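Dear colleague,

I am handing over the structure that follows, together with some notes on what was found in it. Please keep it open beside this message while you read.

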Amino acid sequence: MRVLNSVPDPRYGGPQQRSLSVAREIHEEGIETVFLIPKGSDEFDEKASRDGFETVRITLPRIRSPKNVEGNVEFLRRFRSSTYRVGEVIDDWNIDVVHANGPVNYQVAMATNRSTSALVWH
């Protein structure tokens, strides 16, 4: 079984540490994890790679606070193309389960809905 774990922040902190910990545990059960990481900081990518996990880096804008008009325009402008790109990753990596971390991981959820993969979103 192969899991795509979408981590919406490329930095290394608590959620990323938890994701790696879970990936290590389920790897022992024969479940492979591939991390989907937005472009930006290389912290989490480097840590996951050092631990032997595959990572895929894509442009994946996030929705921002209402005051961040420019960031939200960018999110909307790239929504369709980033959703399509996530779908390509799901297909290219033969993903069985997609784990969408965070409450605003919309592109990942929509791309999974269009695939045959199962979605876990929290």
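The largest pocket is lined by Pro8, Pro10, Pro38, Lys39, Thr59, Leu60, Pro61, Arg62, Arg64, Gly71 and Glu74, and its volume is about 180 Å³. On a 1 Å grid over the protein atoms alone, a pocket is an open set of points with protein on both sides within 12 Å along at least five of seven lines, whereas a cavity is a set of points where a 1.4 Å probe fits but cannot get out, and lining residues have an atom within 4 Å of a point. Grid points are joined across faces, edges and corners, and a volume is the space filled by probe spheres set on the points. By class, this lining has five nonpolar, two polar and four charged residues, where Ala, Val, Leu, Ile, Met, Phe, Trp, Tyr, Cys and Pro count as nonpolar, Asp, Glu, Lys and Arg as charged, and the others, Gly among them, as polar.

Please bear in mind that this is a predicted model, in which local features need pLDDT of at least 70 and side-chain atom pairs count only at pLDDT 80 or more, while totals for chains, interfaces and linings use all residues. Residues are numbered from 1 along each chain as its sequence is written, and side-chain values use heavy atoms, with hydrogens and water left out.

The search of the whole structure also finds one cavity of 30 Å³ or more. The largest cavity has a volume of about 40 Å³ and is lined by Pro8, Leu60, Pro61, Arg62, Val104, Asn105 and Gln107, which by class are four nonpolar, two polar and one charged.

Turning to charged pairs, the count comes to nine salt bridges, a salt bridge being a side-chain nitrogen of Lys or Arg within 4 Å of a carboxyl oxygen of Asp or Glu. Glu74, one of the residues of the pocket lining, pairs with Arg77 in a salt bridge whose closest N and O atoms are 3.1 Å apart. Both residues lie in helix H3 (residues 69-92), three residues apart, about one turn of the helix; helices (H or I, at least four residues) and strands (E, at least two) are DSSP runs, numbered from the N terminus. Glu74 is partly exposed at 29% relative accessible area, and Arg77 is exposed at 54%, where buried means under 20%, exposed over 50% and partly exposed in between (1.4 Å probe, protein chains only).

Another salt bridge joins Asp45 and Arg57, at 3.3 Å from N to O. Asp45 lies in helix H2 (residues 43-50) and Arg57 in strand E3 (residues 54-58), so this pair ties together parts that are 12 residues apart in sequence. Asp45 itself is buried, with a relative accessible area of 16%. In the salt bridge between Arg11 and Asp9, the closest N and O atoms are 2.5 Å apart; Arg11 is partly exposed at 47%, while Asp9 is buried at 13%.

As for the whole protein, it has four helices and five strands, which follow the pattern β-α-β-α-β-α-β-α-β along the sequence. Along its principal axes the C-alpha trace spans about 45 × 30 × 20 Å, and buried residues make up 41% of the 122 residues.

With best wishes
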